[in-house]
Each structure stands twice: as C-alpha cells, then as structure tokens.
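Please look over the sequence and the structure shown below before reading on.

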Amino acid sequence: MNGAAGRRVALVPPNDGYLRQVDRELLVPDRASRQAVWRALSARGRCFSDGEVVGTWRYRRADGDVAVTCFERPTARQRPPNAVRVDRAQCGLIAQVAGAEPPALRWS
C-alpha cells in the first residue's frame, strides 16, 4: 500500500455511524472541538485527516460553497493542493445529493 494513500482528507456527513460511538473523548480529546463536532442543532459534517477528526464542514447552497473549519492550522498535506483531489470528488457528491451545481471548497 502506498504511504500517501493513508494521508487523505475526507468529508464525513453529520450522522456518520463511526461518530456515534460512546467515547467521544477518545475520538476528539479537546472539549471545545467536541462541542463543535457534536452540536445539538445544525449538526455539521466532520473533516477527517489521517483517521483523526481535524475539523468540521458545512455546505451552504445559497453561497455555493463547502466551508471547512479546522480546529488547528491545517498541515501542508491537509490543505490544498494536496487535498483538492479528494475534496473535489466529495463536493461533487454533496452537489449531486442536493441537486445543485458543484460547490467551491473554502478552508478556514
């Protein structure tokens, strides 16, 4: 297996089964980050990198974008151009489900 294959960024939907695990502290150790990931209202998707939750994402159809908010400054391999390949495909899937044009990807 290519070592670079494990270094991918994935946008996971808000109700993904993996994130329904009981031990949230194990998945996201930082308390403020846990609160952002498991919001009661307006749940956001999660951004994974190297198997770790590194932030959240939200699709805004009116703005035509997917906004990714990282808990910490993304590393070089987590942000464009390295992550663009995966993110474009995932943004295309989001658009297909929403019946809209493929959104732009915005990192913050």
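Which residue stands opposite Phe48 in S2? The residue opposite Phe48 is Ala10, and the setting of this pair is described under the sheet below.

## Basis of the model

The model is predicted, so that local features need pLDDT of at least 70 and side-chain atom pairs count only at pLDDT 80 or more, whereas totals for chains, interfaces and linings use all residues. Residues are numbered from 1 along each chain as its sequence is written, and side-chain values use heavy atoms, with hydrogens and water left out.

## Overall fold

The chain holds three helices and five strands, where helices (H or I, at least four residues) and strands (E, at least two) are DSSP runs numbered from the N terminus. Read from the N terminus on, these elements follow the order β-α-α-β-β-β-α-β.

Of the 108 residues, 36% count as buried; buried means under 20% relative accessible area, exposed means over 50%, and partly exposed lies in between, with a 1.4 Å probe and protein chains only. Among contacts (heavy atoms within 4.5 Å) between residues at least 6 apart in sequence, 57% join residues at least 24 apart.

## The sheet

Five strands form an open sheet with mixed pairing, in the order S1-S2-S3-S4-S5; two strands are taken to pair if DSSP finds at least two bridges between them. At its edges are strand S1 (9–12) and strand S5 (104–107), each of which pairs on one side only. From one strand to the next, the twist averages 25°, with axes taken as lines fitted to C-alpha atoms and angles running from 0 to 180 degrees between N-to-C directions.

S1 and S2 pair in the antiparallel sense over four bridges, and Ala10 stands opposite Phe48 in S2. Strand S2 (residues 45–49) also pairs with S3 in the antiparallel sense, over five bridges, and there Gly45 stands opposite Trp57 in S3. The hairpin of S2 and S3 has two residues between the strands, and Asp50 takes a positive phi near 55° in that hairpin.

In a regular strand the side chains alternate between the two faces of the sheet. Both faces of S2 are covered, since Gly45, Cys47 and Ser49 on one side and Arg46 and Phe48 on the other are all buried; five of the five residues of S2 are thus buried.

## Cysteines

How many disulfides does a search of the whole structure find? The search finds zero, a disulfide being defined as a pair of cysteine sulfur atoms within 2.5 Å. For Cys47 the closest cysteine sulfur is in Cys70, and because the distance is 5.4 Å, the two sulfurs are too far apart for a bond. Cys47 counts as buried because its relative accessibility is 0%, and Cys70 is buried as well, with a relative accessible area of 12%.

## Nonpolar cores

The largest nonpolar core has twelve residues, namely Val9, Leu11, Cys47, Val54, Trp57, Tyr59, Val66, Val68, Cys70, Cys91, Ile94 and Trp107. A nonpolar core is here a set of buried Ala, Val, Leu, Ile, Met, Phe, Trp, Tyr and Cys residues joined through side-chain atoms within 4.5 Å. Two or more residues of this core come from each of S1, S3, strand S4 (65–70) and helix H3 (84–98). Apart from it lies another core, of eight residues, including Leu27, Val28, Val37 and Trp38.

Thr56 is found in strand S3 (residues 52–60) and counts as buried because its relative accessibility is 5%. Leaving aside neighbours within four places in sequence, Thr56 is in contact with residues that include Arg44, Gly45, Arg46 and Cys47, as well as Ala67, Val68 and Thr69.

Arg60 also belongs to strand S3, but counts as partly exposed because its relative accessibility is 35%. The C-alpha atoms of Arg60 and Ala104 are separated by 10.0 Å, although the two residues are 44 residues apart along the chain. Arg61 lies in the loop between S3 and S4, and beyond its neighbours within four places in sequence, Arg61 is in contact with Ala98, Gly99 and Ala100.
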